[in-house]
Amino acid sequence: MKSAKGIENLAFVPSSPDILRRLSASPSQIEVSALSSDPQRENSQPQELQKPQEPQKSPEPSLPSAPPNVSEEKLRSLSLSEFEEGSYGWRNFHPQCLQRCNTPGGFLLHYCLLAVTQDTCVTTRNSTSCTSSTSSLSNYLYVFILGQLLLGAGGTPLYTLGTAFLDDSVPTHKSSLYIGTGYAMSILGPAIGYVLGGQLLTIYIDVAMGESTDVTEDDPRWLGAWWIGFLLSWIFAWSLIIPFSCFPKHLPGTAEIQAGKTSQAHQSNSNADVKFGKSIKDFPAALKNLMKNAVFMCLVLSTSSEALITTGFATFLPKFIENQFGLTSSFAATLGGAVLIPGAALGQILGGFLVSKFRMTCKNTMKFALFTSGVALTLSFVFMYAKCENEPFAGVSESYNGTGELGNLIAPCNANCNCSRSYYYPVCGDGVQYFSPCFAGCSNPVAHRKPKVYYNCSCIERKTEITSTAETFGFEAKAGKCETHCAKLPIFLCIFFIVIIFTFMAGTPITVSILRCVNHRQRSLALGIQFMVLRLLGTIPGPIIFGFTIDSTCILWDINDCGIKGACWIYDNIKMAHMLVAISVTCKVITMFFNGFAIFLYKPPPSATDVSFHKENAVVTNVLAEQDLNKIVKEG
């Protein structure tokens, strides 16, 4: 027998006992798998593959299980060289006590902690003046822009390379659970940022002179110590990067796990097995290759539409709750966070768990995401149920006891008070809300009572004359908005919590589908493109579109002493609910359309083809595999 000198790739030399069946199979039935010398893997073949072949009329020449001059251990080393499994540590420093971290679970823990530190944002308060002036401080805007660019460049690899690393290190059916857990932790980052940022804003920006300054927190010139949040995040992130760098290129067991995986990539010309990543010159071709993958692009557009909704509601849900149910801004923000953060985290984990539990294929994973989006679409009509009529507002929806005009806050009862529209401090009297105590015509406050109360208000119909000696027995107005008569808040929060869960249940399945439908070597690039498009079409325009839509329902604007229009004080509640339903339904329909179109276009690999990721060159066409096997037979 001649040596197998015609074999150019050792990965094509089979060592399993079903070689005779492979040689006699038709081209469409040939299975190409990675070379493995693990006896358990060989014994795990189906029973019919291990049965002895029936005698042939003309016996086939026996085939060597390996080239005669290559040992089994060398083959094993060649088959594992691509993954370069290593120990936890740096260079020659690999303490045995730290090797317990060198597992997918250990990497997931570091992934989650680092995800918590990722673009917490703290807003600052500043004052305005009627005179326009320029300052050298405005040049620092570009410093902040550069900082945000660096944050994006540094944070994106965690969700692209890190996610692909997790996908490599665990079996296919467990990948979704790990990814869902990691994404859920990334949602907690903004929550911690808002809580921490709120506390930091109570500290003056110059900590050294904070106690000695005459500017108080209620002063519009007050600036909070926003920079402390970035400093703490920087320290926390760097403390995690050091142990994060100890992980090897591949975790122990990765090669064995990869040997058991099969390709689910969408079968198209764009997913041909092209070797990308060897040089930067490959980037244009790799990008073009992904853009031609119709299934991948549909999934990216689907997630972008969903991101537009989620970021929009994350920004404006507190404003909706505040105006619909007559709550304070702080309490509305608390309720909004209590619904959004747990619901989103639970949805991510639950979606990943169900995909893992039922071991869904790529197509079934996309169908599952389509189902959850459909449920969320149906429940989105809760905004129609939650709409509440506006409470009476003097000068806007209610007259001043029959005087004045609607749309004008000035009436005969307050014409001599010289009230300013730039100072919004609502008070409630006799079931009617007033813009401020001044517009209610109140002249005497009771400062020591909380909430602050007022009496002798000229615009409020008084039943009896209240004097200073009777201030403890009655009042005409109290600070704050009038209590709403709408009792739909508990039901709205419960249903919307379910909407959030089902919305985010589709997030992890779609990410897993993207990892499966593209070429194995292009997963990180695919996730990078997804994040770029998702931000360009989703998270960036989302708050802008929501803000513009909600502003269109405004019926009373803030106009300061300079005559400049500022924020909106009063919204049309009914119109706001209708507009939010319109946005939600439109985006959900777009999401479901692209998701369904991806399912329609997806073409899985032939069921008779076993394409393994264990060896880089093992992904080949059936024709080439048959030619190589025939060449072995002839030379044997």
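**Cores and helix packing in a predicted model**

Buried residues, meaning those under 20% relative accessible area with a 1.4 Å probe and protein chains only, make up 44% of the 636 residues in the protein chain. This is a predicted model, in which local features need pLDDT of at least 70 and side-chain atom pairs count only at pLDDT 80 or more, while totals for chains, interfaces and linings use all residues. Residues are numbered from 1 along each chain as its sequence is written, and side-chain values use heavy atoms, with hydrogens and water left out.

**Nonpolar cores**
- A nonpolar core is a set of buried Ala, Val, Leu, Ile, Met, Phe, Trp, Tyr and Cys residues joined through side-chain atoms within 4.5 Å, and in the largest one, with 46 residues, F296, L299, M366 and I514 touch the most other members.
- Leaving aside neighbours within four places in sequence, F296 is in contact (heavy atoms within 4.5 Å) with L290, I514, C517, V518, A526 and I529.
- A second, separate core of 37 residues includes A344, I500, I550 and L580.

**Helix packing**
- The axes of α11 and α19, lines fitted to C-alpha atoms over the stretch in contact, lie 9 Å apart at an angle of about 165°, on a scale from 0 to 180 degrees between N-to-C directions.
- The two helices α11 and α19 are therefore roughly antiparallel, a term for angles over 145 degrees.

How values were computed:
Buried < 20%, exposed > 50% of the residue type's maximum accessible area, 1.4 Å probe, protein only. Helix = DSSP H or I, 4+ residues; strand = E, 2+ residues; numbered from the N terminus. Parallel < 35°, antiparallel > 145°, perpendicular 65-115°, else oblique.
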